[in-house]
Amino acid sequence: MPSPYRAIFAAPGTKGFSAAGLLGRMPLSMMGIGVVTMVSQLTGRYGLAGALSATLAMSAAVIGPQISRLVDRHGQRRVLRPATLAAVAAVTGLLVCAQQGAPDWTLFVFAAGAGCVPSVGSMVRARWAAIYRGDAQNLHTAYSWESIVDELCFILGPILSIGLSTAWFAEAGPLIAACFLVVGVFWLTAQRGTEPVPHPHEHTSGRSALSSRGLQVLVATFVATGAIFGSVDVVTVAFADERGHKALASLVLAVYALGSCLAGAVFGLLRLKGAASTRWLAGVCAMAVSMIPLQLAGNLPFLAVALFVAGLFIAPTMVTTMALVEQHVPRSRLTEGMTWTSTGLAVGVALGSSAAGWVVDAAGAQAGYLVAGVSGTLAAAVAFSGYRRLRRPVTHREGLEADERSERQHLA
């Protein structure tokens, strides 16, 4: 492991919570694509599959920030364990109804309930932020490391989820994802020494992290970015299926994540200069441009190469996003702020996967990649329009003063 990465793991407990975070984040890449694979195998309806995946993502987008807000107030252990058990119960209901051929509405009810899945990545990054607060270089390396872990999940997750659902039984992918979630969350929350200190008093005012103008720009842009990811997942499964190699979709998506993983590893070694907002804008625009070659894909090898190149721009943009969240959100709302970016992605995934599913059903898989292209263009447009809001970070002192003002107003 390169020395900058060795350095961040010198702090006690870091290896343990990062490993637990890897397991806890596996459902992020397994659940949605697992539901798409399961439903398409059981019913042959990609529109229904995409809509269910979208419902799951949208539910997580609504519930996730509220869970993280409670975490900031009461601590990770007290909140994450019951939330995880509720999510697993809903996933179990979804699998049973799908297997038994229950009415479509029951599938949507349980998919919505599965939105209680907590944002484990935000929980882990909040631990890094608590350990290396004020140390910009180590925090940059830590966020880069967690981006690598994210991409490892996206490399391994689709392979496991699609592979198990096609080789064993249709429900296997989401089932194993639920098991990973339980193990990861309970292992993470057992590590009390690195758990960030709750801030119960700072939340009595009821203000949300989303009141930050900079965070609003990041979240809005990530809605369009998430639509890229959601549409690429659904369309790639359909693209491989049309060519008689559905199981290879997991490998193609793994190549997509591999490109991001390699880029994230290199990015973490760099000592960066200049404004993070400028790097972020460049990254969003590069992701948009990388969607163009997908429109020309005629076979799986070409598609894999195009997705690998597209993946090179993901991790650096995500790492820079986390740095911007830390700059624009008060310390007492950091977990919630990080979760809002995940929420933006989840909303985008919901919209992108749903739109892509209907386009595939209506016009075929190749046409489905138009959804990714349009989403990339929209992401760049939103990033350009909101760029000025990101140029002036909000210091922690300013954030704390804002909290104190809100507290005084509340008491008055």
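Figure 1. The secondary structure of the protein chain comes to 16 helices and zero strands. Its radius of gyration is 20 Å, close to the 22 Å that the globule rule gives for 412 residues, so the chain is as compact as a globular protein of that length. Along the principal axes, the C-alpha atoms fill a box of roughly 60 × 45 × 40 Å. This is a predicted model.

Figure 2. The mean pLDDT of the protein chain is 80, and 91% of the residues reach 70 or more. Among the elements, helix 12 (residues 300–311) has the highest mean pLDDT, 91, while helix 16 (residues 396–411) has the lowest, 42. Over residues 396–412 the pLDDT is below 50. Beyond near neighbours in sequence, this stretch has 20 contacts in the model.

Figure 3. Of the 412 residues, 58% count as buried. Among contacts with a separation of 6 or more, 85% are between residues 24 or more positions apart. The accessible surface comes to about 15,900 Å², and 67% of this surface belongs to carbon and sulfur atoms. The chain carries 29 positive and 20 negative side chains. The centres of these two sets lie 7 Å apart.

Figure 4. Which residues does threonine 341 touch, not counting residues up to four places away in sequence? They are Leu215, Val219, Phe222, Thr321, Met322 and Val325.

Figure 5. Alanine 57 is found in helix 3, which runs over residues 46–74. With 9% relative accessibility, alanine 57 counts as buried because this value is under 20%. Leaving aside neighbours within four places in sequence, alanine 57 is in contact with Ala346, Val349 and Ala350. How far apart in space are alanine 57 and serine 353, C-alpha to C-alpha? The distance is 9.5 Å, although the two residues are 296 residues apart in sequence.

Figure 6. Phenylalanine 180 lies in helix 8, made up of residues 172–189. Leaving aside neighbours within four places in sequence, phenylalanine 180 is in contact with Leu23, Gly24, Met26, Pro27, Met30 and Leu160. Glutamine 295 is 115 residues from phenylalanine 180 along the chain, and the C-alpha atoms of the two are separated by 35 Å.

Figure 7. Is alanine 282 buried or partly exposed? With a relative accessible area of 48%, alanine 282 is partly exposed. Threonine 317 is 35 residues from alanine 282 along the chain. The C-alpha atoms of alanine 282 and threonine 317 are separated by 8.4 Å.

Terms used. Residues are numbered from 1 along each chain as its sequence is written. Side-chain values use heavy atoms; hydrogens and water are left out. pLDDT is the predictor's confidence in each residue, from 0 to 100. Helices (H or I, at least four residues) and strands (E, at least two) are DSSP runs, numbered from the N terminus. Contact means heavy atoms within 4.5 Å. The radius of gyration is taken over C-alpha atoms; the globule rule is 2.2 Å times the number of residues to the power 0.38. Buried means under 20% relative accessible area, exposed over 50%, partly exposed in between (1.4 Å probe, protein chains only). Accessible areas come from the Shrake-Rupley method with a 1.4 Å probe; for residues, only the protein chains shown count as cover. Lys and Arg count as positive and Asp and Glu as negative; His and the chain ends are not counted. The place of a charge is taken as NZ of Lys, CZ of Arg, CG of Asp or CD of Glu.
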